[in-house]
Amino acid sequence: MSSSTVEPILPPPDPTTPEPPPREAHLARPHHHHPTAARRPGNRLASLAGLASLVGLASLVDAHALALLRATVGIVFVGFGVLKLFPSASPAEQLAVDAATKMTLGLVPETVLLLSLAALETAIGIGLIVGRRLLRPALVAFFLHMGGVFSTLVLLPDAMWQPHSPAPTMEGQYVVKNVVLVAVCLVVAANEWARHPRPRGRTTG
C-alpha cells in the first residue's frame, strides 16, 4: 500500500496586487528624530546649572546682606561729603547751607558750615564702610544728621513744597528719598545692637 502526498496548488500571483515590502527593508529604514530631542539633555543641564548659580548668588547675598547694606549707604555718604568740598559741585549744597544757617541762627559762616557738613558726611560714610568699632558712632551720627536733613521740610517750606499743593518740589523729593537710607540704617543698627547689647551694671544684693 503506497501513500502519496498531494501538494496544494496555489493560484498564480495577481500582477496588479503590490507586494509587501520585505521585513529587512523596514528594519533598515532610518528613524527621524525631532531636531530638539537631541538638545533636551543639554538644555536641562544648562537650566540646572543656571538655577544652581542663582541659588549660590542668593546665598552669598544673604550671608553678607548687612555688610552690603551699610557699605552701600557708606559709599553714598562719602560721595555726598566729597562733593561738598568742591564749590557748586553738589546740587544740595545751597539747600544744606540754608538749613544749617537757620539751625545755627546765622552765627556760623556759610563756608564753615559747608566744610563741617562735608566732613560729617564723609566720616559717617567711612564709619559705615569700615564697620567694627566705627559702626556705632557712625550710626548715631547718621541718625542725628538725618534729623537735621528732614528738618528742612519745616525750616524751608517755600523750597520744599509746591505752592498751594501738598506735593514736594524737586528739592523736597531730594530730602524725602532719604527715608530709604533711614530704613537701611535702622536694620543695620537693630542687628548691631542685638548682636552686641550694652552690658548691664552689676547689682549687689
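Helix axes here are lines fitted to C-alpha atoms over the stretch in contact, and angles between them run from 0 to 180 degrees between N-to-C directions. With that in hand, the views below can be read one by one. The model is predicted.

Figure 1. The protein chain has nine helices and zero strands. Along the sequence, the pattern reads α-α-α-α-α-α-α-α-α. The chain holds 205 residues, and 24% of them are buried. Now take the contacts between residues at least 6 apart in sequence. Of these, 66% join residues at least 24 apart.

**Figure 2. Helix α4 meets helix α5.** The two helices pack at an angle of about 110°, and their axes lie 10 Å apart. Angles from 65 to 115 degrees count as roughly perpendicular. So α4 and α5 are roughly perpendicular to each other. Their crossing is right-handed. Which residues of α4 and α5 meet? From α4 come Glu-93, Ala-96, Val-97, Ala-100 and Thr-101. From α5 come Glu-110, Leu-113, Leu-114 and Leu-117. Sorted by class, the contact of α4 with α5 has six nonpolar residues, one polar and two charged.

**Figure 3. Leu-105 sits in the loop between α4 and α5.** Leu-105 is not a glycine, yet its phi is positive, at about 60°. Is Leu-105 buried or exposed? Its relative accessibility is 70%, so Leu-105 counts as exposed.

**Figure 4. Helix α3 packs against helix α5.** The angle between α3 and α5 is about 160°, with their axes 7 Å apart. That angle makes α3 roughly antiparallel to α5. The crossing of α3 and α5 is left-handed. On the α3 side, the contact is made by Arg-70, Ala-71, Val-73, Gly-74, Ile-75, Phe-77, Val-78, Phe-80, Gly-81 and Val-82. On the α5 side, it is made by Ala-118, Glu-121, Thr-122, Ile-124, Gly-125, Ile-126, Leu-128, Ile-129 and Val-130. How many residues in the contact of α3 with α5 are nonpolar? There are 13 nonpolar residues, along with four polar and two charged.

**Figure 5. Arg-132 lies in the loop between α5 and α6.** Arg-132 has a positive phi, near 55°, and is a residue other than glycine. Arg-132 has a relative accessible area of 77% and is therefore exposed.

**Figure 6. Helix α3 also packs against helix α9.** Here the angle is about 135°, and the axes of α3 and α9 are 10 Å apart. The pair α3 and α9 is therefore oblique. The crossing of α3 and α9 is left-handed. Helix α3 brings Leu-66, Leu-69, Arg-70, Val-73 and Phe-77 to this contact. Helix α9 brings Leu-181, Val-184, Cys-185, Val-187, Val-188 and Asn-191. The residues of the contact of α3 with α9 divide into nine nonpolar, one polar and one charged.

Figure 7. The largest nonpolar core has 23 residues. Which of its members touch the most other members? They are Val-73, Phe-77, Leu-128, Leu-139 and Phe-142. Five helices each supply at least two residues of this core: α3 (65-83), α4 (93-103), α5 (110-130), α6 (135-155) and α9 (178-195). Helix α6 gives the largest share, eight residues. In soluble globular proteins, nonpolar side chains tend to be buried together.

**Figure 8. Leu-139 is seen with its contacts in the core.** Leu-139 is one of the core members that touch the most others. Which residues does Leu-139 touch, not counting residues up to four places away in sequence? They are Leu-128, Cys-185, Val-188, Ala-189 and Trp-193.

**Figure 9. His-145 is found in helix α6.** Is His-145 buried or exposed? At 10% relative accessibility, His-145 counts as buried, because buried means under 20%. Leaving aside neighbours within four places in sequence, His-145 is in contact with Phe-77, Leu-117, Leu-120, Glu-121 and Ile-124. Phe-77 is also among the α3 residues that meet α5. Leu-117 is also among the α5 residues that meet α4.

How values were computed:
Residues are numbered from 1 along each chain as its sequence is written. This is a predicted model: local features need pLDDT of at least 70, side-chain atom pairs count only at pLDDT 80 or more; totals for chains, interfaces and linings use all residues. Side-chain values use heavy atoms; hydrogens and water are left out. A nonpolar core is a set of buried Ala, Val, Leu, Ile, Met, Phe, Trp, Tyr and Cys residues joined through side-chain atoms within 4.5 Å. Buried means under 20% relative accessible area, exposed over 50%, partly exposed in between (1.4 Å probe, protein chains only). Helices (H or I, at least four residues) and strands (E, at least two) are DSSP runs, numbered from the N terminus. Contact means heavy atoms within 4.5 Å. Angles under 35 degrees count as roughly parallel, over 145 as roughly antiparallel, 65 to 115 as roughly perpendicular and the rest as oblique. A crossing is left-handed if the near helix is turned anticlockwise from the far one by less than a right angle, and right-handed if clockwise. Ala, Val, Leu, Ile, Met, Phe, Trp, Tyr, Cys and Pro count as nonpolar, Asp, Glu, Lys and Arg as charged, and the others, Gly among them, as polar.
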